[in-house]
Amino acid sequence: MIRFVTALIIITTNLIFAGEIALTFDDLPCNQDESAAKQMEINQKILQALAKFKAPAIGFVNEGKLYKDDEEIAKSAILKLWVDHKQPLGNHTYSHQFLSGTDAKDFQNDVIKGAAVSKKLMSDAGLKHQYFRHPYLDTGTTPEIRKDFETFLKQEGYIVAPVTVDTDDWKFNQQLLENPHNKDKIIAKYLEHTRAKFDFYKGASFKIFGRNIKHIWLLHTNLINAYAMDDLLKLAKELGYEFITLDYALEDKAYAEPDNYYAPFGVSWLYRWDFTRGKVVDWSKDPEPDNNPFIGTKSLTFTDKSRNCSIPVELYVSGESKGKAETGIVKLPVGDY
Ligand SMILES: [Zn+2]
C-alpha cells in the first residue's frame, strides 16, 4: 500500500510539475579547439546520450570552423554524424560575430556562407535547413538592426531559434579545461547549477505566464557535455521534463510574445519578455555559477537616508552581471529593512 501511495505521489508530482524542453547545441562542429578526432569523440558521446534518452536535438553550426587546421573532411563528417542520427542542423553563421557590431551586409553574407555544407547534408537527408541561432544571442541593439536582419532571415527562409534555459555550460567547460584534475567536482557543480537554473526558469515562467512554457535549452558541443550528457538528461527527466523538438517547442504561443529588449547581452527570452512586460521576476536571484573564475560577490552597505537605515547589498561582479547592472538591467536586491 505504502509503495502504491508513493508511486501515486511520484506520478501526480510529475504531472503537476511536468515540463517540456527542446535541446539545442551551439558552435558545431565543436565549441573548443581540438583535433578533428577529439571533436568527433565529443560529438559521438553527446549523440549517444541523446539516442539513449530518445531526445531530439538540433546542432547549430559555425561552418568557418570546418576549415581550420586543414581537417575539413574529418570535421564535415561530424556534421554528417548529426544528420545520420536524425538530429537536424541549423545555421549559427560562418564565423560567429556579433550582429550589432558587424556591418549589416557583411553579417548577412556570413549567414549565407555559413550554410553551404549543412544545407547540402540536410537536403541529402530530405530535411529542411531552416533554423537560425544568433551568435552570443545578440539579436540587435536597436529596433532597426533587428528589423533589417529579421527581414533578411525571412527572405532566406530562416526561423529564429530563441533560448529560455541557459545553464552556463561553457563556463564550467572552461573550468574543466583549466583544471582537468578536478573533473568530478566540476561536473558535480555543473549538475547542481543546472538544477538551480531549471528551478529558477520554471519559477520565472510561472510568474510571467502562469504556467511552465515549452522551453528551449542552450547547450554547446564541448567536453563537459560529452562527460555529463547522460546525467544532464537524467536530471531533466527527474525534474519532470519531456524532450521535444524545436519545431514543437515553438508552437508554444509564448514565442509570439513581444520582445523589446535591445542590449548587447545575450539573455534568456524569459528575461526579454519580462523586461518588455515590465518586470515581475527578480532576476538578481538568477543563479550564477559560484565556481566561475570571473565571478566574485561583493557585499556593500548603502545608507538609506530617508528610512534612516543601512541596506546590505550583494553585488555580483561577473562580467555579464556587471554589464547588466551598469545598464540598469539588473535590479539590486533591496528589500524592506
Ligand atoms: Zn555560439
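This is a predicted model: local features need pLDDT of at least 70, side-chain atom pairs count only at pLDDT 80 or more; totals for chains, interfaces and linings use all residues.
Leaving aside residues up to four places away in sequence, Val165 touches Ile21, Lys197, Phe198, Tyr201, His215, Ile216, Trp217 and Leu218.

Now widen the selection to the largest nonpolar core, which has 58 residues. Val165 is among the members that touch the most others, together with Ile21, Ala22, Leu23, Ile216, Trp217 and Leu246. Colour helix α9, residues 223-238, next: this helix gives the core its largest share, eight residues. In soluble globular proteins, nonpolar side chains tend to be buried together.

To see where they meet, show Asp169, Phe172, Asn173, Leu176 and Leu177 in α7, then Leu223, Ile224 and Asn225 in α9. By class, this contact has five nonpolar, two polar and one charged residues.

Next stop: helix α5, residues 116-124. Which residues are buried here? Select Ser118, Leu121 and Met122 to find them. Looking around the axis, you will find that these residues cover an arc of only 95 degrees, which puts them on the same side of α5. Bring up β2 (57-61), α3 (72-84) and β3 (89-91) as well, as the buried residues of α5 pack against these elements.

Turn to the face of α5 directed away from its buried side, and you will see the exposed residues Ala116, Ser123 and Asp124. Finish at glycine 126, which follows α5 and has a positive phi, near 75 degrees.

Methods:
Residues are numbered from 1 along each chain as its sequence is written. A nonpolar core is a set of buried Ala, Val, Leu, Ile, Met, Phe, Trp, Tyr and Cys residues joined through C-beta atoms within 7 Å. A residue is buried if 20 or more other C-beta atoms lie within 10 Å of its own, exposed if 12 or fewer, and partly exposed in between; C-beta atoms are placed from the backbone. Helices (H or I, at least four residues) and strands (E, at least two) are DSSP runs, numbered from the N terminus. Two residues are in contact if their C-beta atoms, placed from the backbone, lie within 7 Å. The arc is that of the directions from the helix axis to the C-beta atoms. Ala, Val, Leu, Ile, Met, Phe, Trp, Tyr, Cys and Pro count as nonpolar, Asp, Glu, Lys and Arg as charged, and the others, Gly among them, as polar.
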